[in-house]
Amino acid sequence: MTVPRLARKAFMLLGLPIILVAVWWVASAGSTSPFWPPLQTILETFPATWTWDRIVQDVMPSLARLGIGYGLAVVIGVAAGTAIGLMPRLRALSEPVLEFFRAVPPPVLVPIIALFAGYTGWLGKIITIALGCLWPILLNTVEGVRGLEPVLGDTAKSYHLSPWRRLVFVVLPGASPRIFAGARQALSIGVILMVISELFGANRGLGAAIVQFQRSFAIPQMWTGIILLGLIGVVLAALFKAVENRMLAWYVGQRQIERGE
Amino acid sequence: MSSSPPTLAPTRRAAGPRPRRRGRRTDAWLGVAGVFIVLAGSELLSRTGIVNPDFLPPVTEMYASLFGLLGEADFWESLWLTVRGWAIGLAAAMALGIVVGFVIGSIPFLRAFTNSTIEFLRPIPSVALIPLVVLLFGTQPQSAFLLVLYAAFWQVLVQVLYGVADVDPVARDTARSYRFGPLRVARSVIYPTALPYIMTAFRLAAAVALILEITAELVIGVPGLGRDIGIAQSSGNVPETYALVIVVGLIGVGVNMFARLVERKALWWHPSVRSETP
């Protein structure tokens, strides 16, 4: 790649973000409004606010809960979704029920889970995250398994593949584009629930910390929390994309060929 | 580009008749049976005390409480506030997302220039804004509006961008050689291509908007059903908590059905819809 093209690419990639940050910096520079502190102040308070101690105490547990809950949702969602997708009768039986549970906005689960598990420990929070993430993964897996190319199934049958091999080599890979679509939706829901689950009761965690800053009117600190949360969202999305690109490389290539690119 | 598998999946379905499709009526009856099994099962769990009835009251009690609510003016007021907040936020997000998407999508420079920023802003969880909107608006409906707008806007924008990018180059060139003005191009070339994507955006955004509306009510205390759920739970009225959750779930089902209906009506000419009707 030649230097001008590289420069152009860098400009396209970084131009607008730099402009936006610069505008924010300049516009907020002399700000005396308590709600909109200067960006400089926010950045200066960042290292003081998110010390190593706080990261270990607040951020790590939040991310761990997200990881456990999300992992549970993926395992249960794919397993149950494959079973339901492979059995038409089971699907017909469970479809209206699943539609209802999917339509319930996940945050309203919080008060109900609070009844069962209490909301001071990890358990309630993990259940909240897992339950919220489960439905998009489950329903997309069902659709993915159901929409499998019939020729693939017939071929596997005529080669007398054992049910297990059929599952591992035909069904799951065939459904994986839809599974990933569901998992991506679930990830953003999971981040939302990670934050919301910490807003109830006296708690520690990233979401709880941000709200405590807000309640004690530590506004620059609150802004650093918002920025950190945003960064976590961006990093998680990038990680997801990297995994997806790796595991779905065959599918991306296939689609490109279909579109004649 | 590869990240839109949920869109328009039906077009990829094989055109041939599906083998041995059982009757729709059997499926419907099985569905009813499934609902009945779940209701009866949870009633049984609660009545026999396997699950503590303080936590999971019998379904019949939940519905008794639900019917009690139907007679209260406060309930209808909350329902109206929730639905209104959802509708206004969704409408604003749709309008903004479509206009911005059309403008950015049809100018290649803008599209390349904004790409990194959109990819960066989109995954920022909207709940990160909760402390900010609380400071700005407190428990007024504007708090919920901002959260709903932020969350739903990105859904719409990204889908519209995919849709505009999907325009057939031949159609675009034809329009250009006929010297269509930009408005005419937008109306008769870009719009029909982007419409299926806009409908997908509507479906996704409608669900997200409801989630954020309820979240704002539950967490911030914006008046509406979400706040009622919080109040019912903290005052120990368990059947009413469940009753309200059921109502919210039914609203969610209604929202999904409404979105699919709109999609069907608006896209009656599109192959993805036409191939579905037998």
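1. Two residues are said to be in contact when their C-beta atoms, placed from the backbone, lie within 7 Å. By that rule, and leaving aside residues up to four places away in sequence, B:Ala205 touches B:Leu90, B:Ala93, B:Met94, B:Ala152, B:Gln155 and B:Val156.

2. This is a predicted model, in which local features need pLDDT of at least 70 and side-chain atom pairs count only at pLDDT 80 or more, while totals for chains, interfaces and linings use all residues. Residues are numbered from 1 along each chain as its sequence is written, and chains are lettered from A and ligands numbered from 1 in the order in which they are written.

3. The contact between the chains takes 50 residues from chain A and 48 residues from chain B. On the side of chain A that touches chain B, the largest share, ten residues, comes from H4(A), where helices (H or I, at least four residues) are DSSP runs numbered from the N terminus. By class, this side of chain A has 38 nonpolar, seven polar and five charged residues; Ala, Val, Leu, Ile, Met, Phe, Trp, Tyr, Cys and Pro count as nonpolar, Asp, Glu, Lys and Arg as charged, and the others, Gly among them, as polar.

4. H9(A) is mostly covered, since seven of its ten residues are buried, a residue being buried if 20 or more other C-beta atoms lie within 10 Å of its own, exposed if 12 or fewer, and partly exposed in between. Among the buried residues of H9(A) are A:Leu206, A:Ile210 and A:Phe213, and the buried residues pack against helix H3 (52–86), H8 and H10 of chain A together with helix H5 (130–137) of chain B.

5. A nonpolar core is a set of buried Ala, Val, Leu, Ile, Met, Phe, Trp, Tyr and Cys residues joined through C-beta atoms within 7 Å. The largest such core has 128 residues, of which B:Val148, B:Ala152, B:Val160, B:Ala205 and B:Ala209 touch the most other members. Helix H8 (residues 182–220) of chain B gives the most to this core, with 21 residues.

6. In helix H6 (residues 141–165) of chain B, 22 of the 25 residues are buried, so H6(B) is largely enclosed by the rest of the structure. B:Gln142 has its place in this helix, yet B:Gln142 is partly exposed, because 15 other C-beta atoms lie within 10 Å. The C-alpha atoms of B:Gln142 and B:Pro223, which are 81 residues apart along the chain, are separated by 11 Å.

Terms used
Helix = DSSP H or I, 4+ residues; strand = E, 2+ residues; numbered from the N terminus.
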